[in-house]
Number of protein chains: 4
Amino acid sequence: MSKIRVTVWNEFRHEKEEPAIAEIYPKGIHGAIADFLSECDDLEIRTATLDDPDHGIPNEVLDNTDVLVWWGHMHHDKVSDDRVAYIQKRVYAGGMGFVACHSAHHSKPFRALVGATGNLSWGDDCREIVWNLKPTHPIAAGVPDHFDLELEELYAEPFYIPTPDDLIFGAWYETGHIFRAGCTFTSGAGKIFYFQPGHEACRSFYNPHVQRIIKNGVHWAAPNEFGYAISDDAPFVHPVYKRDDK
Amino acid sequence: MSKIRVTVWNEFRHEKEEPAIAEIYPKGIHGAIADFLSECDDLEIRTATLDDPDHGIPNEVLDNTDVLVWWGHMHHDKVSDDRVAYIQKRVYAGGMGFVACHSAHHSKPFRALVGATGNLSWGDDCREIVWNLKPTHPIAAGVPDHFDLELEELYAEPFYIPTPDDLIFGAWYETGHIFRAGCTFTSGAGKIFYFQPGHEACRSFYNPHVQRIIKNGVHWAAPNEFGYAISDDAPFVHPVYKRDDK
Amino acid sequence: MSKIRVTVWNEFRHEKEEPAIAEIYPKGIHGAIADFLSECDDLEIRTATLDDPDHGIPNEVLDNTDVLVWWGHMHHDKVSDDRVAYIQKRVYAGGMGFVACHSAHHSKPFRALVGATGNLSWGDDCREIVWNLKPTHPIAAGVPDHFDLELEELYAEPFYIPTPDDLIFGAWYETGHIFRAGCTFTSGAGKIFYFQPGHEACRSFYNPHVQRIIKNGVHWAAPNEFGYAISDDAPFVHPVYKRDDK
Amino acid sequence: MSKIRVTVWNEFRHEKEEPAIAEIYPKGIHGAIADFLSECDDLEIRTATLDDPDHGIPNEVLDNTDVLVWWGHMHHDKVSDDRVAYIQKRVYAGGMGFVACHSAHHSKPFRALVGATGNLSWGDDCREIVWNLKPTHPIAAGVPDHFDLELEELYAEPFYIPTPDDLIFGAWYETGHIFRAGCTFTSGAGKIFYFQPGHEACRSFYNPHVQRIIKNGVHWAAPNEFGYAISDDAPFVHPVYKRDDK
């Protein structure tokens, strides 16, 4: 079977501008994600960042991407509408998967794909415990009942997303808040996974459970081997059954 | 209890341009819908059309609308983006309900609210049978297991919408097609109902079951008496629980 | 409109055997629930308990009940299978609503109605915060974003229920746990609501938000004015459409 | 990776008692299903039938089964409650998958696993068209928008099942009926797939799309390589977070 072609996209500004962040993620967040994803033999990984030409995701890259992993935070508005429209088309009509990490809840592509603001409440970093609410889901494979994150950014309900297809993980925070931390959505031929841990100032992308979940998410979101063609249109159709058949 | 304020919006071009349509709906489709909705004592109804100033839905009208019923077909693109944005805000943040009739699957507000193209397959008018798939849902109250529509426009799967919150009605067509004909969605504080029957050249809005369903849909989509405020933003929050709480 | 006929069922043993519990709920938990429900003019309320003949719910009582509210804890096994079967039939075929409070997650009727063990993890009483995850749902009407319960029994994930129709409330506990605290399910013509707060040793049934939620739950679970008949059988049917129609 | 151990269970009475059925399925329906499943290299297949000792599914067989495929029709009541209870436990606590074919909607294990009667309307065999409603689901991989079954038994709405996790296929019938023909459910650690085509007097198990769907269903329902342990109990738990944690 051919490999799943993954593009890991990162805003990559924090790491260049803030030494404390660069120390946590010396290769950038995209580098950290690419590193652990590369442990999977069936993935072929490339990275792209905001400041690359065409944000590193010209049509030919997206056309050859099966799953796009997205991390953005402070500069969502710098992402060109043209790239967002093409991502949306690739997901909807081409079945490209989309994995939205952490602050990508507010990214243009995520908002466009799920049709929601993605608004939430947020607060200072604190201890988080992630609970596994749907152990039968492929994204939860190998994930225990719960696991600890010593420090993560508080992302709290109310979280304004459409009713998810599946709610897989729930987050508990020391501050009294909870959050729907792992959710899936469908857009046409494409699958979308949102996962909350991954603040630039924390170390969640080094957590083995977080890594497992993102690996699972990438595999789950990938289009199947058969593909599925969707015309970006509303076609006129003729009867598939006629009274005088047979 | 105060009345539910309903605005019935109609493109209102077919009826002015095509005598055959005007004959079916002499007061316009909005007039026909308003007529049967006005049988409900708890509804206060006004109408608005594409060619009215601000399409008949300036901010002050939308601010005083609890449920917006929408019928559009050939001129979706004539609806100003500014009105769509305000509708979206009123639904999301203000809890205004939105009932999308028939070809409104392709209308700008519906597409914006559910984050999908709303694409479907369509074909010549034929006999349709509507099946009640969720009799416990308030929108199905008083609706039998199934009912007939002698002639409706064929709207067929694949229908590209997000996974609905509830699938209430399914359509069978003489041509061999089926369709998810009655679906609900959530957007922030607001509720959305899509219902398929209602082609301008057919007479479905005179069908008592269709009328019952749209009446039910309007009541279901209305915000509750308590309201619910959503800030169109992502607020910073402080702990609601502290270690040193008593 | 005729009133909604509510039967509040309680095991009613703790209150008779443990003075500390009797002090909290001097009229029994059923009495406390009946008290606040009776603030709603459209409800007609009766109570029933385990030690009543036929547990207070002979066929004629269930036949005249629109919504059955259930509280049980230590003596689930004392409830006769015959009563459970009749409850199940009344919900499934007759559309009687069922509101399961707290430890009713393990009651025979709840387990039969949702087809699951209802297993969960539990622990010592602690502080709980209830979060509103679906403000558009009728059961959440008038409920704020979150509210506090100073002391409730810890009920924690994993909670083994089918995927709920709607997840309305989520619970946060001081101990690091979370719980799907308010969930709905469908069984044939009937609606089911499970709500977690309500331990016999705590005072949650005096909390105005808990009261509001249970009031809402009763109204939501009630069958609609039209009723809906389901034969408890698999009927043979003839074509509703024939090639040579028309 | 080790193989998925599949047990195909069949009532196997029609084929022994009715020559016309034996002609269609000379090796029995289980033989036909086992034949096409054996085209998958990663499946290890055995069969079992009603008249085998312990119905061919003693504990040691079920303990070594990853996915149980079930076909039964006229003799559901002959299946011992003891076997049903053990199947239910294996699914719930052990994560065994369950694929219910056609008339298994009324089988004891299916009814126990989903907590519903599985009632539906049925009628004479007629032409059926199966529509693909969720092309992104693994069970729909390689399945076109729709496909024809020249003759199948009419299974029609209303179909009394809980709200499915996913509705993947919808059926259209020549008679004016529709049906939720492919649905998934969750029970504890286990996954359940119901699929409608497969009447003993028709030839659907020879249809390549039906075969593809059942192959997909078996792979989807299989537990993942990590397994997931569920205690069939409600354990007492201690805090996972304490105020005085660092």
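**Backbone exceptions and the A–B interface**

P158(D) is found in the loop between β6 (146-156) and β7 (166-173) of chain D. In this predicted model, the peptide bond that joins E157(D) to P158(D) is cis, and its omega is about 0 degrees. Chain B has a cis bond as well, from E157(B) to P158(B), with omega near 0 degrees. P158(B) sits in the loop between β6 (146-156) and β7 (166-173) of chain B. Most peptide bonds are trans.

Phi values gave two further exceptions. Most residues other than glycine have a negative phi. F12(C) has a positive phi, near 55 degrees. This residue lies in the loop between β1 (4-10) and α1 (14-17) of chain C. F12(C) has 23 C-beta neighbours inside 10 Å. The cut-off for a buried residue is 20 or more, so F12(C) counts as buried.

D54(D) also has a positive phi, near 55 degrees. Its place is the loop between β2 (43-49) and α4 (59-63) of chain D.

The contact between chains A and B was examined next. It involves 35 residues of chain B and 35 residues of chain A. On the chain B side, at least two residues come from each of α6 (108-114), β5 (121-132) and β8 (178-187). By class, this side of chain B has 18 nonpolar residues, 14 polar residues and three charged residues.

Note on methods:
Residues are numbered from 1 along each chain as its sequence is written. Chains are lettered from A and ligands numbered from 1 in the order in which they are written. This is a predicted model: local features need pLDDT of at least 70, side-chain atom pairs count only at pLDDT 80 or more; totals for chains, interfaces and linings use all residues. Two residues are in contact if their C-beta atoms, placed from the backbone, lie within 7 Å. Helices (H or I, at least four residues) and strands (E, at least two) are DSSP runs, numbered from the N terminus. Ala, Val, Leu, Ile, Met, Phe, Trp, Tyr, Cys and Pro count as nonpolar, Asp, Glu, Lys and Arg as charged, and the others, Gly among them, as polar. A residue is buried if 20 or more other C-beta atoms lie within 10 Å of its own, exposed if 12 or fewer, and partly exposed in between; C-beta atoms are placed from the backbone.
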